[in-house]
Amino acid sequence: MSSNELPLNGLRVIDMADIKGELAGRILADLGADVIRVEPPGGAASRRMAPFAPDGDTSLYFAFRNFNKRGITVDVTAAEGQAQLRGLLATADVWIESTKPGSLTPHGLDPREISAEFEHLLVLSISDFGQKGPYARFEATDEVIQAMSGHLAASGIPEKPPLLIPGAFAYDTAGVVGALAVVIGLVAKQRTGRGQHLDFSVLEAAIQLNTWQMANMQPTLDAGMEPPVVRSGTAVIYPLFKTADGFITMVILSPRQWSAMWEWLGRPEAFADEVWGQTLTRLMNGDVLNPVIAEHFAPMPMEEAAAEAQRRGVVVTPMLKPSDILVNEHYRSRSTFVPVEIAPGVTAEVASGFMEINRQRQGFRSGPPAVGEHSAEVAEEAASAEPRGPVPAAGEPDQPLAGLRVLDFGHGGVGVEAGRMLAEYGADVVKVETRTYPDFMRLVTGTEMTPSFASSSRTKRSFGVNSKVPEGLAVLKELVKTADIVIENNSTGTMDAMGVGYEALKEVNPGVCMASSQLMGSTGAYADWIGYGPTIQTVGGIKYLWNFTDGDPPPGSSAIHPDHMAGRLCALGALAGLLSRERRGEGAHGAHIEISQAEALVNTLGDLFMAESLDPGSAQPQGNDSDQGAPWGVFQCDGDQQWSVVCVRNDADWAALKQAMGRPAWADHPAYGTSEGRMAAREAVNAGVAQWTAGLSAPEVQEACQAVGVPGAAMLTALDHLTDTQLTERGFPLKVFQPGAGELVLEGPCFYGSEMPTPPVHAAPLLGEHTRQICIEELGMDPAEVDRLIEIGALEVPLPE
């Protein structure tokens with residue numbers, strides 16, 4: 001695919017995101033935007049972020065997140081640099097910045113004021129906690145966000161400390177969702193001709209990915225049950241089984257999957273009763289069932305066990321190391337990695353991109369820029385560029401995606417979360433579903449409504465239709481004619497078998513943009529594999545890395561990452577395809593966007609895979625340690641299962657932390673005065689900090705650290721989020737009454753626009769709740785015919801009470 005065919009070709013982005021959210025500009029560049037990375041003289045802070053290439057100078061963190069960009073230097077503290085940046089913004093479409101709120105104001109570059117001055121410009125301000133609120137000026141790291149977002153609290157087992165997620169989970173989440181925020185703003189701009197300011201909170205974006213923890217908290221409290229705030233690993237619901245040469249993860253949710261496993265076990269009489277087909281029975285009796293399954297898998301090689309399980313329809317994946325993934329037959333068959341010269345004389349295996357559009361990978365085209373590499377080139381372009389003309393006056397604010405229709409065929413977490421994000425900003429999202437193959441998230445508690453389903457399907461409508469009935473398929477295709485976007489994450493080939501694959505859809509609606517997401521992708525050696533988020537973790541490399549260094553198996557987490565992130569990538573890709581269609585004009589065709597869930601995960605660990613390819617064996621579990629500094633990690637506080645995170649990034653942080661700790665004698669050891677010395681004595685300095693935190697509550701540790709400008713935070717849970725002062729001030733916890741589930745508190749939006757009304761939120765629909773309305777009022781069908789189609793099972797409506 002040539003650059004002028006890429007969906008965001010012609011878009012210019014000025015990118016000042018540093019460390020947090022840098023992936024946003026990279027993804028926009030992958031999709032064809034001209035992204036100009038603006039760094040201060042001497043280079044961005046992220047150039048000093050580990051991991052590094054063997055030359056010791058090339059930051060792989062920076063490199064991976066800055067492919068496909070051009071690079072310039074600008075000193076925004078000097079009048080000349082301020083004028084230079086303003087000149088670039090006058091001719092750009094998008095400005096991304098991640099400075100601390102208020103820090104650009106003394107330089108005449110306050111993002112809100114710039115947005116008001118350059119009305120054509122879309123400004124994305126990525127900050128750790130949002131532009132306002134009591135935490136707005138807190139110091140943070142990726143680990144601090146993990147602690148405060150609830151992800152840390154869900155990771156690990158009670159017998160060990162909570163376990164940080166490897167990689168840059170929170171800041172890469174900000175990158176993915178930040179790119180989505182930009183394309184949502186661009187869709188609005190197509191209609192209004194105006195830019196606006198987007199206030200983006202990394203913390204809130206991370207909480208949204210926390211596996212429906214907030215949605216399930218209020219019903220737990222209302223039932224008088226103890227809230228599940230202590231981590232329990234994966235042993236119960238997503239067990240890890242040892243094999244002859246490694247480990248596998250198995251997830252059995254449907255009766256069909258259990259039946260296949262029972263047959264494979266040799267139809268044991270002890271588990272013959274049909275009650276074992278119920279998920280809850282198996283979970284509550286795992287102490288009886290799992291040893292039998294463990295004995296079954298113990299003599300098998302892990303990859304052979306997974307392949308045979310998948311052949312039988314049982315969800316099993318092998319726990320691959322990064323080194324395994326680089327040579328794995330499936331990833332090789334999809335060209336998931338490509339060899340790239342990332343610096344002079346340094347060639348690494350690079351994850352080749354998050355998505356495909358019309359079978360073309362949207363990914364690597366050029367390496368990261370050297371410091372100031374394109375300064376002269378960009379200055380020459382700026383000298384001849386014309387500032388943008390006047391823009392229309394602001395009208396009554398409208399939802400940015402108002403007028404778009406989305407058909408959501410999603411199941412579980414991926415597709416439904418894509419639909420949720422589009423509904424959140426005004427699209428008419430219609431969930432297409434049937435009781436003959438229901439979304440299992442509706443049913444996990446035995447009814448057709450659960451808090452998790454309600455969270456992901458809020459603000460949608462429901463259209464009940466059985467496409468296996470010819471009349472139902474005919475009505476569904478009429479509905480497709482009205483759609484702009486179709487989303488699905490069914491198993492490979494399912495949509496084609498239903499008669500609504502992309503080729504069939506574009507026959508009835510050539511302009512439709514379809515976003516598809518399969519476990520391993522729709523092509524390749526494992527294209528037919530099925531699974532869920534936890535099984536992606538094992539086959540995507542993160543499970544192996546997400547561990548302590550004590551030799552025990554990974555303790556696991558209840559998180560279904562990367563499902564929610566893959567859903568946001570689906571929404572992003574679909575809107576990018578829509579922008580391309582509109583740019584090409586009337587009669588332009590849509591596009592088929594495909595996202596492999598495993599590759600979505602691999603690409604967020606791209607720098608670690610690069611490091612492994614350059615230095616085999618280097619990508620290993622680190623527990624809660626970090627190459628970014630010391631002391632660093634998770635520290636126990638006063639109280640049962642109370643923990644905090646403290647991160648010392650540099651010598652200034654260390655001096656401040658010593659002050660916060662009351663200048664204990666041990667901290668004055670001469671070797672601890674430098675980052676190198678502290679890293680060499682990491683175990684000792686961490687022990688010293690642990691002694692300090694043990695005498696304080698987690699909030700007291702947070703307060704003491706933040707008072708002196710050191711990144712430190714209490715570990716929070718979803719229970720804490722219900723009343724957290726920062727979140728409540730920003731309106732993040734949303735109270736919604738959900739028929740069938742009761743009073744819920746859902747997580748709110750993670751970004752707001754200066755010209756967007758507050759996103760609408762209302763209850764999720766009952767299955768088929770809007771079938772009659774859509775058929776009669778929008779498709780023009782005769783009511784009697786609709787009744788007939790309901791009678792024969794072609795259409796479906798809510799069950800009688």
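Reader: Which residue just after H1 takes a positive phi?
Author: Happy to start there, with some ground rules: this is a predicted model, where local features need pLDDT of at least 70, side-chain atom pairs count only at pLDDT 80 or more, and totals for chains, interfaces and linings use all residues. Residues are numbered from 1 along each chain as its sequence is written, and side-chain values use heavy atoms, leaving out hydrogens and water. Helices (H or I, at least four residues) and strands (E, at least two) are DSSP runs numbered from the N terminus. Just after H1, a positive phi of about 110 degrees is taken by Gly32.

Reader: How many residues of helix H1 are buried?
Author: Buried means under 20% relative accessible area, exposed over 50%, and partly exposed in between (1.4 Å probe, protein chains only). Helix H1 covers residues 22-30 and is mostly covered. Its buried residues include Leu23, Ile27 and Leu28. The count of buried residues in H1 is nine of nine.

Reader: Is Glu204 buried or exposed?
Author: Glu204 meets Arg730 in a salt bridge of 2.7 Å, N to O. This pair links distant parts of the chain, 526 residues apart, with Glu204 in helix H7 and Arg730 in the loop between helix H32 and strand E23. Arg730 has a relative accessible area of 11%, so Arg730 is buried. With 1% relative accessibility, Glu204 is also buried.

Reader: Is Arg311 buried or exposed?
Author: Arg311 forms a salt bridge with Glu308, the closest N and O atoms being 2.7 Å apart. The two are three residues apart in helix H12, so about one helical turn lies between them. Glu308 is partly exposed because its relative accessible area is 23%. At 61% relative accessibility, Arg311 counts as exposed.

Reader: Which residue just after H9 takes a positive phi?
Author: Helix H9 spans residues 255-264, and its buried residues include Trp258, Trp262 and Trp264. Just after H9, the residue with a positive phi of about 95 degrees is Gly266.

Note on methods:
A salt bridge is a side-chain nitrogen of Lys or Arg within 4 Å of a carboxyl oxygen of Asp or Glu.
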